[in-house]
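Biologist: I have a model on screen and want to learn how to read it. Can you take me through it?

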Amino acid sequence: MGNVVELKNVTKNFEEFSVKNINLQVKQGFVTGFIGENGAGKSTTIKMMMNLLKPDAGEVKLFGLDYKKHEKTIKERIGFVYDGNIFFEGLNLKDIKRIVAPAYKQWDDTLFYQYVEQFKLPLNKAIKTFSKGMQMKASLAIALSHHAELIIMDEPTAGLDPIFRRELLDLLQELMIEGNRTIFFSTHITTDLDRIADYIAFMQNGELVFNQSIHDLAENYALVKGGMDLLDRDTEKDFVHIHRSSTGFEALTDNIKEVKNTFGNTVIIERPSLEDIMYYLKGGIHHV
Amino acid sequence: MFNLIRRDVILQKRQLLLFIPFILFFIIMDSHPALTFLIASIFIPFNTYAYDEKVETNILLNSLPYTRTEIIASRYLGAIVYMVLAIGVTSLALFAFNKPFTIIDIAIGSSLFLLFAAFTFPLFHIFKPGYISTVVMISFLLLAAIGPAIVLFLAEHLTAITDFINGLSVPVLYIGGTLVIMLLYFISWGTTTVIYQRKAF
């Protein structure tokens, strides 16, 4: 299976922040969740994928093509949804469609109206009167109406209420039934991903910590709980980060085998949630 | 590209309703026809910039299958298209109100518009959004107010240049003027394209 997006050694420097040496592949036909704290570099990375930002170094390729020569071909095949509203807020959805539709060769009006109906969107009300959830649905309707192969979304669930979030996730899942579609979306609400993501890419402080399938992730990381007396300088080496409390310790390991060797049955080994992984990795990737 | 130019009309449907009374105001106030042509031409292209200076608009346009070169080209070509349309409408209005005007008025109005556009379009991409429309509008009014006085002053005091210009035959003057304006417009177009290519959103 090919990669739809390929970032090779991509670096982008800002005055007070930089995204360093990113190597990221997004697999065709899967949902990849892009996680990390606010300010970890997710939006910057997405902007580089969309060519809104140009990397200082490295290579960005979509569908195996680069932006220098194939900008239009690439963008024809992408559907995008951003965190905030990027449409002219005084216009209604019909007029926005009039502006966006002719940009795409593959625009499908029937499909658009189908989504408008499904999402119960008003066509003649100004976008600025839409709720956050409706704005999001409007962006999505537009993103989905030109048969895009890749849907890129930056924090689509941010600011949405839980019920709406679930609806959105169900919808994304439905979209995936249809053939070769790829979805790449960033979020800092990790519970969104447990339900639909096949792959998880995790960014922290401008670096990509990992990009693994959910399945591998579960195999590679474990949450370990045990008494404080088990910890010493040697045994601590098995953990990525340790959280200590009076009742015992809780730690994340990326070396389950070693933990089993060292501690045997004296500790409890659990499957970590994505949030656990994010939380513990935040304490430092290197061994404490 | 045509879609990008057409976009302005969709975007400014409501403002366009203001366009006619706006022009009529200048006509009824008996402004010089050249000034009326200039003001009419400025209306749509500069209104567009009031939208385009917003970051969101640039994110939208750049996420759609357009290249940055096309986005800028649509601004520069669009300005000419809308100028021609505005001149058409204004001519009709002047005609309807029985105000005389000459082809020279049109020439002066459109040259001034193109010059003004050539100088200000790049500025929209240099300065921070939010300020620039105001800056441009104020500088336009200032120029309109004191510009002629400056030209007259220069004409009186820099006799060498005045003599040179007076020495030119009328066709040479017109052709020369057109060429200079076209050149400036193209330089401005190129500059803006380069600036826009380098921008990050």
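**Domains, a hairpin and an interface**

Modeller: Start with the contact between domains. Two residues are in contact if their C-beta atoms, placed from the backbone, lie within 7 Å. Here 9 residues of domain 1 of chain A are in contact with 7 residues of domain 2 of chain A. This is a predicted model: local features need pLDDT of at least 70, side-chain atom pairs count only at pLDDT 80 or more, and totals for chains, interfaces and linings use all residues. Residues are numbered from 1 along each chain as written, while chains are lettered from A and ligands numbered from 1 in the order written.

Biologist: Which elements give two or more residues to the domain 1 side of chain A?

Modeller: Helices (H or I, at least four residues) and strands (E, at least two) are DSSP runs, numbered from the N terminus. On this side they are α7 (191-196) and β9 (199-204) of chain A. The largest share, 3 residues, comes from β9(A).

Biologist: How does β9(A) pair with β10(A)?

Modeller: Strands pair if DSSP finds at least two bridges between them. Here 6 bridges join β9(A) to β10 (residues 207-213) of chain A, and the two run antiparallel. Phe202(A) has Phe210(A) as its bridge partner in β10(A). The hairpin has 2 residues between the strands, and Asn205(A) takes a positive phi near 45°.

Biologist: How many residues of chain A are in contact with chain B?

Modeller: 22 residues of chain A are in contact with 17 residues of chain B.
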